[in-house]
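Me: Can you walk me through this one? Keep it quick.

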Amino acid sequence: MTYLYAFLFAGAVCLIGQVILDNTKLTPGHVTSLFVIVGAFLDIFNIYDKFVLWAGGGALVPITSFGHLLIHGALDKAQEYGIMGLAMGMFDLTASGITAAIIIAFFITLIFKPKN
Amino acid sequence: MQQTKYCKLVNKYKPQEERLFNMAKAFLIGGVLGIIGHSLWQLYCVVLAMGEKEAAIVTTITLIFIASLLTGLGFFDSWVKFARAGLIIPITGFAHAMTSTALEHKQEGFVTGIGSNIFKLSGSVILYGVLSAYVFGLIRLLIFGG
Amino acid sequence: MTFKYNHVYLNASSTVVGPNENQGPLKDFFDKKFSDFYAGEKSWEQAEIKMMATSINILLHKLKKAPSSIDLLIAGDLLDQIAPSSFVAANLKIPFLGIYSACATMAEAMIIGSNMLEAKQINNIICATSSHNLSAEKQFRYPSEYGAPKPKTATFTATGGAAAYLSRVKNHIKIESATIGKVIDLGQKDANHTGAAMAPAAADTIYTHFKNLKRNINHYDLILTGDLGLYGKEILINYLKEEYQIDIEKKYNDCGIMLYDLDKQNVGAGASGPVSSALVTFGYIIKQMTKKKFKKVLLVATGALFSPTFLFQSKTIPAVAHAIDLEVVE
C-alpha cells in the first residue's frame with residue numbers, strides 16, 4: 001500500500017509544481033526554492049513526518065524532503081544546545097546528500113563534455 | 001498603441017500550452033519516481049540490511065548519482081524538457097541543475113568555471129532551505145520547546 | 001531616418017551553418033556546413049569565432065581578394081563584448097567597427113556600410129555576423145544541458161556565420177534604400193516571446209520607410225522580417241493593419257520560419273539570432289533574386305535588445321528593426 005501512497009504523494013507534489021510553472025511567471029528555480037521552504041514549514045507541526053510515515057520513500061524523493069531534513073537536523077541538535085544547536089545541526093541529515101551531489105557532479109563534469 | 005491594448009493583441013495570437021498534458025506527465029512521472037524512491041529504500045533496508053535512516057541516505061545518493069550520470073551522458077536534458085516538473089521537483093532536479101551548470105562552464109577553468117558556477121541554479125534552494133529551516137526551527141523551539 | 005542609394009551594390013555573400021540549419025528546408029543553399037556544435041574547437045564560443053571567420057574566408061575566396069584589399073569590416077554578434085567579432089577582426093587586420101543590435105546586426109552593418117560607400121568614403125566593405133545556439137543559451141538563459149522547459153512561443157537561436165561584400169562596383173543586385181529604426185518598447189517582459197517584443201519595432205520601421213519614400217506595399221515583391229517567428233508574424237500582420245492601416249499579409253514572410261522545418265525540427269516558434277535573417281537572405285533570397293523570382297525585397301531585420309540583468313530587475317525588452325531594400329538592377 002505504501003507503494004501506492006508513494007506514487008500518489010510524489011506525483012501530487014510534482015503536479016502542484018507543474019501547475020505553478022504553467023500558470024505563473026515563476027521559473028523552476030523559484031518553484032524548487034518555494035517547495036523547500038514548504039517542506040521545512042510543514043515540520044513546525046510535524047506534518048511532513050506524517051507524510052514520510054505514510055508514503056515512505058515517496059516523500060523523500062521530492063525536494064520538499066530537503067527542507068524537512070534541514071529543519072529536523074537543526075531541531076535535533078537544538079535539543080542539546082538550544083538556539084545555538086539550530087545552526088550546529090542544520091546540515092546533519094542532509095550532509096551526505098549535498099556532499100554526494102557535489103562530488104558526483106564534479107567527477108561527471110571531469111569525465112564528460114556538454115553536448116546539445 | 002497603448003501597452004495594454006498591445007498586450008491584448010499579443011495574447012490573441014498566443015498558442016495554448018498543453019496544460020493538461022503537462023500536468024498528467026508531471027503527476028505520472030513524479031509518481032513513478034516516488035515508487036522508485038520507495039523501492040530503493042526497501043531494497044536497502046531489507047536486502048542490504050541497513051537501518052532506516054542509512055537506507056534513506058543511500059536512496060538519495062543513488063538518485064543523485066543516476067541524475068548526474070544521465071546529465072553527463074547528454075540525454076537527461078531532453079527527459080527534463082519532456083517530463084518538466086516530474087523530473088525537476090524530485091531530488092533529481094537538484095543534482096541535474098548542479099551537474100549541467102558545472103558541465104556548461106567546464107571550459108572556463110576549475111575555479112572560475114566549474115567552481116564559480118556549480119551552484120548557480122541550486123544555490124537558491126540551499127539558501128532558502130537553510131534560511132527557512134532556521135526561522136521555522138526557531139519558531140518551533142519557542143512555541144513547542146523542541 | 002531613410003537613405004536612398006545610387007551606387008551601392010551587393011557583389012557577393014557567404015553562409016556557414018551548424019547541424020540544425022543543415023536539416024532544414026534551405027539546407028542546399030549554404031556554402032559550408034558544420035556537423036556539430038563544436039566545429040572542431042574547444043568551446044562553443046570558439047566555434048562561433050570559427051564560423052564567422054570561415055564565412056569571411058569563403059567570401060574573400062569567392063571575390064579572389066585578400067583581406068588587405070578590404071577597406072572596412074563591420075561585424076557584431078550576441079555574446080558579451082561582441083568578443084567573437086573582435087577575435088575575427090584581430091585575425092583579418094581590416095579596420096573594424098563592432099556593432100550590436102542583436103538580431104538586427106546584419107542590417108545595421110549594411111546600412112552603415114552603404115552610407116559610407118554612397119558618400120565615397122570607402123570603396124568596399126565586408127559586413128559579417130554570427131550566432132550559436134548553445135553559446136547564446138548559456139549567456140542569456142539556462143545551461144543547455146539543463147533542458148529548461150520552454151513555452152511554444154520561444155524561438156531557437158540559429159547557429160552559423162554570414163558575410164556580405166558591398167561596393168560601388170555595379171552588380172545585378174543593388175542596395176536601393178534603407179531605414180534606420182527607432183528603439184520601440186511596448187512593455188514586453190517575456191524573454192521566451194521575443195516576437196511580441198520586436199513586432200512593434202518592425203511595424204514602426206516599415207511605416208517610416210514607406211512614408212519617407214512615399215511608397216506602399218505595391219512597390220515590393222516581398223517583405224521579410226528577420227526572426228519574429230510563427231506568432232510574432234501574426235502579431236505584426238495585425239498590428240500593422242490596426243495601427244498603421246498597412247496590409248503586408250500577401251507579400252510577407254519571416255526568415256525565422258523559413259530557416260527550419262517547424263513541424264519536424266524541435267525549434268519552437270522558429271529561428272532567431274543575428275544569423276537567422278542573414279542565412280535566409282544571403283543563402284536563399286539572393287539566389288531567387290538572381291533568377292528574378294523576386295525583384296524588390298525589403299529586409300526588415302528585427303533585434304530584441306534584451307539584457308538578462310535588466311529583465312531580473314523587472315525592466316522590459318526594447319526592440320529595434322532596421323530595413324534594407326534589395327533590388328535587382330534592370
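Here is a short chat about chain B and the contact with chain A.

Me: What should I know before I start?
Reply: This is a predicted model; local features need pLDDT of at least 70, side-chain atom pairs count only at pLDDT 80 or more, and totals for chains, interfaces and linings use all residues. Residues are numbered from 1 along each chain as its sequence is written, while chains are lettered from A and ligands numbered from 1 in the order in which they are written.

Me: How many helices and strands in chain B?
Reply: Eight helices and zero strands. These are DSSP runs, numbered from the N terminus: H or I of at least four residues for helices, E of at least two for strands.

Me: Compact or spread out?
Reply: Chain B has a radius of gyration (over C-alpha atoms) of 20 Å, well over the 15 Å from the globule rule (2.2 Å times the number of residues to the power 0.38) for 146 residues, so it is more spread out than a compact globule.

Me: What does the C-alpha trace span?
Reply: About 70 × 45 × 40 Å along the principal axes of chain B.

Me: Switching to the contact. How many residues from each chain?
Reply: Chain B gives 63 residues and chain A gives 58 residues. Two residues are in contact if their C-beta atoms, placed from the backbone, lie within 7 Å.

Me: Which helix of chain B gives the most?
Reply: H2(B), with 15 residues on the side that touches chain A.

Me: And by class?
Reply: That side of chain B has 37 nonpolar (Ala, Val, Leu, Ile, Met, Phe, Trp, Tyr, Cys and Pro), six charged (Asp, Glu, Lys and Arg) and 20 polar residues (the others, Gly among them).
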